[in-house]
Amino acid sequence: MTVILVTHDSRAEQYADRIVRIQDGRISAQWSPDGEEHPVIDPLGWMQIPQSDAPTLSKSSPIESTAEPRSSLIRASHLTLKYSEREIFSNISIEASPKEFIAITGPSGTGKSSLLRILSGIQEPSEGSVFIEDQELSLLSRESRSLLRSKSLSFLMQGNSPVSSISVRDYFPEMTDQLLGAFATRLNRRLSSFSGGERARIEIFKLLSDNRKTLILDEPTSQLDDKRSGEIAQLLVNHVEQGGLVIASTRDEQLLACATKVISLGS
């Protein structure tokens with residue numbers, strides 16, 4: 001028989017073969033009673049999968065790229081994505097540097113979200129290569145990609161947050177004045193109780209507070225009205241002007257007008 005026990009009682013650990021800790025709605029560590037804790041590095045909270053002897057990022061054995069040092073934060077060459085015999089997009093090359101706002105646009109089904117996941121190292125392309133800060137992703141293990149992502153970029157996907165069961169105060173303890181003004185009377189409410197547009201704004205404020213240079217955003221204003229979209233657009237422009245990079249899939253005219261470069265898929 002297999003037993004899965006959810007409990008706050010730490011005494012249960014002495015009877016377990018495996019212990020998993022959940023923090024802020026995500027799996028944060030796992031270990032056995034006679035072993036050390038092993039943090040789960042993947043920011044989405046997935047359980048670690050045993051890896052082969054693939055290279056990993058560490059102080060003792062860093063991955064050295066053969067590429068020449070560049071100022072680009074993300075570089076992609078000849079990306080192609082296919083599902084079975086269907087080609088979604090092909091031969092896309094991108095070089096993204098600080099102080100750039102790159103908008104990816106196109107009709108539904110042209111691979112906008114998939115391209116963002118590929119640029120983030122979450123999804124594999126059918127062909128082509130991706131470098132994040134001169135680290136070639138194909139040379140890294142899944143764990144190393146997650147570690148690189150957590151240091152280098154913030155990624156916002158469409159859909160509910162994986163931490164939607166916690167409160168705004170717990171999710172975002174260091175509140176900005178802008179967020180306080182919008183949600184000051186609802187800080188103890190769960191994120192799941194807010195509308196889709198409100199959650200999107202909270203998520204974007206949170207990403208900006210993480211102070212990572214690169215923001216990769218999937219339709220960040222799709223659930224917002226024109227006024228709120230304009231506010232988010234201005235925040236992203238400010239981030240770019242301060243030396244950041246924004247790559248966003250969007251059909252929002254306000255965001256497209258802010259872009260320094262537009263990539264149109266399916267055209």
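This tour moves through a predicted model, from its confidence values to its nonpolar cores and then to one arginine. Residues are numbered from 1 along each chain as its sequence is written. Local features need pLDDT of at least 70 and side-chain atom pairs count only at pLDDT 80 or more, while totals for chains, interfaces and linings use all residues, and side-chain values use heavy atoms, with hydrogens and water left out.

Colour the chain by pLDDT (the predictor's confidence in each residue, from 0 to 100): the average is 80, and 79% of the residues score at least 70. Then select residues 47–70, where the pLDDT is below 50, although this stretch has 44 contacts in the model beyond near neighbours in sequence (contact means heavy atoms within 4.5 Å).

Next, select Leu79, Phe89, Ile94, Leu115, Leu119 and Ile247, which have the most contacts inside the largest nonpolar core, a set of 28 residues. Such a core joins buried Ala, Val, Leu, Ile, Met, Phe, Trp, Tyr and Cys residues through side-chain atoms within 4.5 Å, where buried means under 20% relative accessible area (1.4 Å probe, protein chains only). From Ile247, display the residues that it touches, including Ile74, Ala96, Leu116 and Leu217.

Finally, centre on Arg75, which is buried, with a relative accessible area of 9%. Arg75 lies over the face of Phe131, at 4.2 Å from the ring centre (the criterion for Arg is CZ within 6 Å of the ring centre and within 35 degrees of the ring normal).

Conventions. Buried < 20%, exposed > 50% of the residue type's maximum accessible area, 1.4 Å probe, protein only. Lists of a residue's contacts leave out its neighbours within four places in sequence.
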